[in-house]
Amino acid sequence: MPGSAAWEPTAAQAIIDQLKSKPGALLPILHAIQDRFSYIPEEAVALIASALKLTRAEVHGVISFYHHFRTHQPGRHVVEICRAEACQAQGARALEAHAKAALGVDYHQTTADRTVTLEPVYCLGNCACGPSVRVGDDIHARVDAQAFDELVESLKTERVEVR
């Protein structure tokens, strides 16, 4: 997954320094930190608050307000299930129940093997082909229980290059 670099305070500080003078810098900084590390570590909150002259509570408030931001390292793959009305009309609620049962997790949780983090999303712009699921930048259409299971199985399989 993009942005799964190990936490490095100096790298985070470089991101903050690069963006802190932008108007409304908090959101761009949070996005950039999450893009780099795949989540927003607690240690980053203090760095961000100090640079922007905010309290940690103000930074936490923004992080917790937006569902997109994570404060814990996700699994190798983030699987997002669309919960918008169009997908619900096509069976997303049944898919959601199946996914939670099959993975043994709820939304915002990660499987025990750290392979999959399950997240809700509220529209993937694929309304005519619901229910839809996104993994990374790939959107999968008309996903039913069988297609979901096949998708998850493919995520568990790692490619190995033999030379």
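His108 is partly exposed, with a relative accessible area of 47% (buried means under 20%, exposed over 50% and partly exposed in between, with a 1.4 Å probe and protein chains only). The structure is a predicted model, in which local features need pLDDT of at least 70 and side-chain atom pairs count only at pLDDT 80 or more, whereas totals for chains, interfaces and linings use all residues. Residues are numbered from 1 along each chain as its sequence is written, and side-chain values use heavy atoms, with hydrogens and water left out.

His108 is located in the loop between helix 6 (92-103) and strand 2; helices (H or I, at least four residues) and strands (E, at least two) are DSSP runs numbered from the N terminus. Although not a glycine, His108 has a positive phi of about 70°. Arg142 likewise has a positive phi, of about 50°, and is not a glycine. This residue, Arg142, is found in the loop between strand 5 (138-140) and helix 7 (145-156) and is exposed, at 55% relative accessible area. Most residues other than glycine have a negative phi, and most peptide bonds are trans. The bond from Gly130 to Pro131 is cis, with omega near -5°, and Pro131 lies in the loop between strand 3 and strand 4 (133-135).

His108 also belongs to the lining of the second largest pocket, where Phe69, Arg70, Thr71, His108 and Glu119 are, of 15 lining residues, those nearest the centre. A pocket is an open set of points on a 1 Å grid over the protein atoms alone, where a 1.4 Å probe fits, with protein on both sides within 12 Å along at least five of seven lines; lining residues have an atom within 4 Å of a point. At least two lining residues come from each of helix 4, strand 2 (109-110) and strand 3 (116-121).

The structure holds three aromatic pairs (rings of Phe, Tyr and Trp, the last by its six-membered ring, with centres within 6.5 Å; planes under 30 degrees apart are stacked, over 60 edge-to-face and the rest tilted). Among them, Phe65 and Tyr66 are edge-to-face, 4.9 Å centre to centre with 90° between the planes. Tyr66 and Phe69 are also edge-to-face, at 6.1 Å and 85°. Phe65, in helix 4 (residues 56-65), is exposed at 58%, whereas Tyr66 is partly exposed at 36%.
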